[in-house]
Amino acid sequence: MTESSRTAAADWWRQASVYQIYPRSFADANGDGIGDLKGITSKVGYLQELGIEAVWLSPFYPSELADGGYDVADYRDVDPKIGTLADFDEMTAALHAAGIKVIVDIVPNHTSDQHEWFREALAAPEGSDARDRYIFREGKGENGELPPNNWTSIFGGPAWERITEPDGTPGQWYFHLFAKEQPDLNWDRRDVREDFLKTLRFWSDRGVDGFRIDVAHSLTKNLDEAYDALTTILGDWSIFEDGQHPIWDRDEVHEIYAEWREVFNSYDPPRTAVAEAWVPKPHRRARYASPESLGQAFNFDLLVADFDAAEFRKIISENLEFATESGSSTTWVFSNHDVVRHATRYGLPSVHGGLNDGFSGGNNGKQWLLDGGDPAAVDIELGLRRAKAATALMLALPGSAYLYQGEELGLQEAGQIPDADRQDPAFFRNPGVDIGRDGCRVPLPWEPTGSALGFGAGTAHLPQPEWFADYAASAQEADAGSTLAFYRRALALRGELQTEEALAWQETGAADVLHFSRPGGWHVVTNFGAEPVELPAGEILLISTPLVDGKLPADSTAWLKR
Ligand code: NOJ
């Protein structure tokens with residue numbers, strides 16, 4: 001099937017390849033050091049050439065950037081630092097003309113503390129409707145000087161912040177799962193629900209094709225009865241029955257999404273949504289992916305897995321089964337704006353792994369960052385080889401595949417950002433424990449030389465290490481052996497070969513080698529082992545590392561036509 005005929009169908013999202021853009025770090029058209037919407041428009045040709053079918057834009061809404069834009073001050077506008085609504089329309093039109101769908105990020109758990117509702121809440125008295133849109137509580141202790149409980153926020157530090165009342169006295173506390181600039185909304189309120197329905201219609205009316213829903217599993221909460229049941233928010237889920245955790249994955253969250261679904265389905269074609277829901281049990285995750293709810297959910301299982309044949313096979317089989325049960329298609333992803341880039345993770349010795357903080361388990365690179373993030377500690381060649389093998393395997397799986405900007409260049413994590421330049425609230429709120437996520441958000445190198453390596457005329461808002469020049473897109477465009485050329489070929493072939501149909505595992509007789517086939521004689525072999533292996537007979541369509549003596553080398557994937 002050609003790319004344009006695939007994205008023309010109403011169910012385009014089921015098998016789409018989706019490219020995540022972190023707008024502030026993609027391309028900077030006006031030279032202020034911050035990527036913008038015009039920058040994205042200027043790269044539509046690049047995206048089309050890459051062969052992706054949709055883009056997902058991380059938040060571009062007005063924001064004080066306390067959390068990289070995930071602190072939204074106005075859900076129905078564009079940050080003036082990034083552009084205007086007219087720029088948004090122009091960008092959407094250009095992407096659509098290139099056959100590329102547009103997915104935007106919706107952040108419903110919390111607003112920015114600069115949102116007009118929160119300002120109103122601070123100015124209004126206790127017990128007012130304005131306060132009730134958020135989660136305000138009295139403090140403990142004689143004068144309410146202690147937080148309502150001892151929970152820590154996900155970014156570290158207390159999950160409660162005390163306010164100064166309009167009369168100047170210390171007052172109530174509000175709850176924030178993330179940074180203190182991100183107060184949590186009270187989703188029990190009708191006006192909160194109505195406002196988000198309005199936002200979904202606003203962007204759908206502007207031609208947006210789908211939505212990515214931030215922390216989709218945390219909207220409804222039951223804080224009152226649960227104060228003492230948990231010591232931390234990220235505490236043990238298993239002490240609660242499914243759906244009864246005071247914060248995460250409560251059953252009634254789907255009542256919200258049932259209303260959203262009505263909005264999505266009122267458009268032709270229906271708007272799509274994908275839940276970011278780090279829900280450990282796959283059968284619970286499947287609820288977000290049901291057609292009555294958001295329709296699709298991120299599956300981070302491969303992202304947190306080791307590079308291991310048995311682990312990959314188990315995860316793939318299970319998730320394909322769950323997707324079938326939920327009536328959705330599954331999703332796959334290795335990198336995004338929250339985790340250490342997979343080309344780096346796969347090149348780290350296991351001594352740097354081990355921290356499991358819920359964003360990424362196993363060898364997640366967080367310890368390496370804490371140890372100084374030295375590129376010399378990374379086996380860059382191995383990391384990239386494995387990353388390409390894993391991505392080639394992913395792109396051959398049924399379901400939609402999510403790619404993160406820069407991975408098509410084989411870009412490594414920038415582990416050594418000076419403290420003074422860091423932006424991630426996790427770095428500031430959790431000193432010595434979390435370095436934060438800035439290293440995967442450094443502006444892209446478009447050119448090997450020049451101002452901000454072609455990102456824009458100004459100084460990039462996060463510094464690019466010198467070695468970023470080696471990954472420049474323009475140099476890779478001219479090199480048939482580059483990582484970019486590999487991604488382009490893989491995505492083009494996927495566009496032709498991908499179908500909804502299941503895969504069939506083929507026995508390989510080797511524990512370290514996975515082989516599956518797809519309809520149309522498409523065979524995929526990944527060698528996770530240390531020694532080269534014989535490939536089955538067939539025409540080689542794609543290979544992630546050149547053959548060695550006719551064999552598939554270690555840490556490599558081949559696509560064959562048989
Ligand atoms: C998940 C987003 O991916 C992350 O970047 C953000 O910090 C949190 N949600 C809070 O919105």
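How far is an oxygen atom of the ligand from an N or O atom in the side chain of R437? The separation is 3.0 Å, and the points below place this pair in its setting.

1. This is a predicted model, in which local features need pLDDT of at least 70 and side-chain atom pairs count only at pLDDT 80 or more, while totals for chains, interfaces and linings use all residues. Residues are numbered from 1 along each chain as its sequence is written, and side-chain values use heavy atoms, with hydrogens and water left out.

2. The ligand also has an oxygen atom 2.6 Å from an N or O atom in the side chain of D214, and a polar side-chain atom of H110 lies 3.0 Å from an oxygen atom of the ligand. Of the 300 Å² of accessible area that the ligand has on its own, the protein covers 100% (areas come from the Shrake-Rupley method with a 1.4 Å probe).

3. The residues around the ligand, meaning those with a heavy atom within 4 Å of it, include D67, Y70, E276 and R441. This shell divides into 3 nonpolar, 2 polar and 7 charged residues, where Asp, Glu, Lys and Arg count as charged, Ala, Val, Leu, Ile, Met, Phe, Trp, Tyr, Cys and Pro as nonpolar, and the others, Gly among them, as polar.

4. The domain assignment, which is automatic or taken from a database, gives domain 1 (13–108 + 191–217 + 249–490), domain 2 (116–175) and domain 3 (501–561). The C-alpha centres of domain 2 and domain 3 lie 57 Å apart.

5. Most residues other than glycine have a negative phi. Strands (E, at least two residues) and helices (H or I, at least four) are DSSP runs, numbered from the N terminus.

6. The peptide bond from D268 to P269 is cis, with omega near -5°, and P269 is found in the loop between helix 8 (253–265) and strand 8 (272–275).

Note on methods:
A polar contact is a pair of N or O atoms within 3.5 Å; within protein, one must be able to donate a hydrogen and the other to accept it, and residues adjacent in sequence count only if both atoms are side-chain atoms.
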